[in-house]
Amino acid sequence: MMKKFLCLIIIPVSFLLISAYFFLKESPVNTCQIVTKEASFPLQLEVADTMQKRALGLMFRKTLPADNGMIFLFDTLRKGSMWMKNTYIPLDMLFFNQQFEIVHIHENAVPQDETIITTPMPVRGVIEVNAGYVRQNNIQSGDKIICPPQKDNP
């Protein structure tokens, strides 16, 4: 009886732990550059390269190291649409087009705010970084993002 009870508990718990490991394991990281008129700034970007990672994004994290962030590549050009639900870190969002040119910037997204942040035009993706990064580095629309090729890059 005790063996059966243990099996009924251990097997599902083991399955959940293994699933959580594969779901939450770290994303691939790319070293990218933001190139402005004045300078170039390196960024270590986690790649949200699956539906699950895109849905999770930077939610539930308490910190994000300086010069780190996350890049989301959309499957098609579309209006950018992000929110801060369950995100505890204030963020700047850099939306970019197919040429990896920044076309829209949203600074200081408020942690846990459920307001949808959208772009006025279709975009290829977005980079999320710590709030203040845009102002600190004088990043503007028209600046370029240079990342190594990945499976989703054109």
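In the predicted model, S81 stands opposite T118 in β6, and the two strands concerned, β3 and β6 (residues 117-130), pair in the antiparallel sense over 9 bridges, where helices (H or I, at least four residues) and strands (E, at least two) are DSSP runs numbered from the N terminus, and two strands pair if DSSP finds at least two bridges between them. Strand β2 (residues 40-48), by contrast, pairs with β3 in the parallel sense over 5 bridges, and E46 stands opposite M70 in β3.

These pairings belong to an open sheet of 7 strands with mixed pairing, in the order β5-β4-β6-β3-β2-β1-β7. The edge strands, each pairing on one side only, are β5 (102-109) and β7 (144-146), and the twist averages 35° from one strand to the next, with axes taken as lines fitted to C-alpha atoms (for helices over the stretch in contact) and angles running from 0 to 180 degrees between N-to-C directions. Strand β1 (residues 29-35) runs antiparallel to β7 and is joined to β7 by 3 bridges; the bridge partner of Q33 in β7 is I146.

The loop between β3 (68-82) and β4 (91-96) holds T87, which counts as buried at 3% relative accessibility (buried, under 20% relative accessible area; exposed, over 50%; partly exposed, in between; 1.4 Å probe, protein chains only). Residues up to four places away in sequence not being counted, T87 touches L58, M59, F60, P111 and Q112, contact meaning heavy atoms within 4.5 Å. T87 and F60 are 27 residues apart in sequence and 5.6 Å apart in space, C-alpha to C-alpha.

Residues are numbered from 1 along each chain as its sequence is written, and side-chain values use heavy atoms, hydrogens and water being left out. As the model is predicted, local features need pLDDT of at least 70 and side-chain atom pairs count only at pLDDT 80 or more, whereas totals for chains, interfaces and linings use all residues.
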